[in-house]
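Work through the exercises below with the model open. Each task is followed by a stepwise solution.

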Amino acid sequence: MDTGVITSYIPIFAKAFLLTLKIGWIGVALAFVTGIAGAFTLYFKIPLLSAAVKCYVELFRNTPLLVQLFFIYYGLPVLGFKISAEVCGAVGLGLLGGSYMTESIRSGLDAVPKIQMESAASLGLSRSQTFMSVILPQAFTISVPGLVANVIFLLKETSVFSAISLMDLMFTAKDLIGLYYNTTESLFLLVLFYIAMLLPVSFAGSVIEKKMRSKMFGGRDDGI
Amino acid sequence: MGFEVIFKGKNFIRLLEGLGVALKISLVSVIISIVLGMIVGMIMTLKNPVIRAVSRIYLEIVRIMPQMVLLFIVFFGFTKMTGRNISAELSSVIVFSFWGTAEMADLVRGCLTSIPKIQYESSKALGLSRLQTYVYVIIPQIIRRLIPLSINLITRMIKTTSLIMMIGIVEVLKVGQQIIEANRKSSPHAAFGVFAVVFLLYFLACWPISRLAGYLERKWT
Amino acid sequence: MDEILKIEHLTKKYDDITVLNDISLTVKKGEVLVIVGPSGCGKSTLLRCINNLEDIQDGKVNIEGKTGMVFQSYELFPHMTVLQNLMLAPVKVQKRKKDEVKKEAEQLLERVGLSSKKDNYPAQLSGGQKQRVAIVRALIMHPEVLLFDEVTAALDPEMVREVLDVILDLAKQDKTMLIVTHEMAFARAIADRVIFLEGGSIIEDTTPAEFFDAPRSERAKSFLRTFEFEKVH
């Protein structure tokens with residue numbers, strides 16, 4: 001490996017890294033918003049909308065992001081919706097992620113035992129108080145491992161953005177390999193920057209999961 | 001809107017053939033992943049510190065490294081290192097099996113460790129050997145949980161194969177692009193119809209399988 | 001004494017299955033009513049109907065005031081500390097002042113011997129401790145009637161006593177209580193009145209002494225015999 005090449009490539013990769021990071025996290029944020037809206041729609045069985053959410057979830061969970069992006073980026077302009085590659089990346093990731101988040105949050109909501117609701121009702125809590133104070137916090141805790149997995153999955157999926165000519169990490173690596181044949185150095189930096197992007201998330205995710213689990217399902221303390 | 005292109009000449013057949021390429025690579029990778037995953041998963045339950053460290057690193061690599069990056073490493077990196085060309089198909093099977101084995105092994109490990117210790121102890125008390133314990137007691141208990149999860153892995157594998165066009169394999173998405181390109185003049189709007197059909201084809205390939213996995217999961221748990 | 005609970009011709013069905021059949025019952029203020037019967041006889045459903053957790057198909061349930069309920073499986077809120085569990089409803093539902101509620105919660109915890117656990121999460125408590133917290137959570141709402149649904153059934157034997165002692169203490173304070181239980185010795189000690197329920201109907205409604213020593217119906221006799229295993233052998 002040529003360290004000189006690596007040093008000269010770092011700024012190029014850093015630029016692509018920031019772009020990938022930005023679009024990746026905007027996509028994750030969109031996915032959360034979509035997922036919360038979708039899961040609530042299913043949980044409260046809102047007529048018609050529920051059916052639409054179910055279709056959306058099935059469609060986007062059962063197709064690859066790459067195909068979704070191609071359809072949005074190259075297909076939709078035919079109907080007059082023309083968007084930039086960056087917006088397309090964020091929206092595509094948000095739509096894909098939204099379908100996964102909907103599933104994770106909904107299954108968290110369903111996993112809260114029904115008797116917890118009765119227990120809250122016995123104390124006189126209204127339906128909305130029960131949902132906000134009792135059901136939602138528990139559902140969230142139950143969903144955390146799934147949500148963390150989704151975030152990691154989505155950030156990894158940013159690697160297909162290059163297909164819609166977004167100048168992300170993957171695009172940069174491919175470009176540099178094609179131009180200068182510095183394959184080893186390019187691949188090294190590609191891996192390094194993806195580690196920088198995902199290792200902290202993976203680590204933070206494990207910590208949050210552990211914390212949540214010990215709080216809700218955790219062992220007894222020594223005082224007993 | 002470009003749907004007419006689909007049925008022009010052999011276009012639809014070509015799209016299906018493209019999908020066939022993707023399905024073939026997924027199927028081969030899934031079979032390798034399931035077999036290797038079972039073995040690796042069992043090894044991962046051993047308490048040996050070296051095995052533990054290696055499997056943690058393996059799982060973490062798969063957890064955080066995009067398959068696309070792994071594909072590039074194998075496809076470009078292998079050629080660079082050995083000076084010999086590796087085919088794109090072989091690269092993708094290697095990468096997807098590397099990824100799938102980790103997923104499968106982690107599932108197997110999770111299932112195995114969820115079996116209460118007392119099941120192993122009571123088998124031992126009955127005089128069963130370690131192998132007999134696995135064959136007659138443990139595996140029958142985890143198989144019902146593993147089957148739906150393995151079926152799910154198939155759909156995820158199929159979706160992941162969409163990446164192989166990026167290393168030059170002519171699969172359904174690439175065929176789609178070629179069709180659009182070839183008909184640029186006569187059907188300028190082909191992109192919408194063609195990609196809508198590709199979208200639908202992927203959906204039709206994955207949806208029944210994930211429904212089956214969901215059905216079995218509900219039925220067996 | 002005043003009537004605090006009046007049930008008239010209560011009928012509860014799940015689809016075609018009648019779980020409670022034409023139940024009529026009056027409970028006076030300060031009375032401790034123990035409901036016994038074989039599993040599936042409808043005794044838990046009766047409590048749930050009183051507490052408005054089930055729709056009823058016929059009849060009327062009239063309560064002077066509020067009810068509080070304690071469940072077999074505690075049903076503390078796992079994401080809240082003991083103190084948060086106790087304060088949630090008084091603050092959110094009754095709009096009482098936080099300081100005042102906190103003071104009362106601490107006093108009640110003291111009374112059931114759990115002062116040191118106020119900042120713990122339910123997962124850190126034993127079953128008996130959880131159930132005592134659940135009782136306090138019902139009490140702090142100052143309900144006129146307390147409903148206990150097999151509150152010791154999920155507990156390890158050595159923890160049953162600590163929970164029953166709390167309920168005995170409440171009986172001494174003249175709380176009105178409806179208790180569903182399988183602990184026959186406890187039932188006998190605490191009850192002012194025993195209801196024997198079978199097949200969704202009240203078979204006996206009498207004093208504990210009469211029910212346990214001289215049950216009138218054959219069905220009550222055979223029910224009580226199932227608890228005599230140790231004597232027979």
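This is a predicted model: local features need pLDDT of at least 70, side-chain atom pairs count only at pLDDT 80 or more; totals for chains, interfaces and linings use all residues.

**Exercise 1.** State what share of chain A is buried.

Solution. Buried means under 20% relative accessible area, with a 1.4 Å probe and protein chains only. Residues are numbered from 1 along each chain, chains are lettered from A in the order written, and side-chain values use heavy atoms, without hydrogens and water.

**Exercise 2.** Describe the fold content and contacts of chain A.

Solution. Count the elements: 8 helices and 0 strands. Helices are DSSP runs (H or I) of at least four residues, strands (E) of at least two. Next, take contacts, meaning heavy atoms within 4.5 Å. Among those in chain A between residues at least 6 apart in sequence, 80% join residues at least 24 apart. Finally, the C-alpha atoms fill a box of roughly 70 × 55 × 20 Å along the principal axes.

**Exercise 3.** Which strands of the chain C sheet stand at the edges, and why is one side of each left without a neighbour?

Solution. Strands pair if DSSP finds at least two bridges between them. The open sheet has the order β2-β1-β4 (chain C), with antiparallel pairing. β2 (17-28) and β4 (58-63) of chain C each have a single partner strand, so one side of each lacks a neighbour in the sheet. Now check one pairing: 8 bridges join β1 (residues 3-14) of chain C to β2(C). C:Ile7, for one, has C:Leu25 as its bridge partner in β2(C).

Conventions:
Buried means under 20% relative accessible area, exposed over 50%, partly exposed in between (1.4 Å probe, protein chains only).
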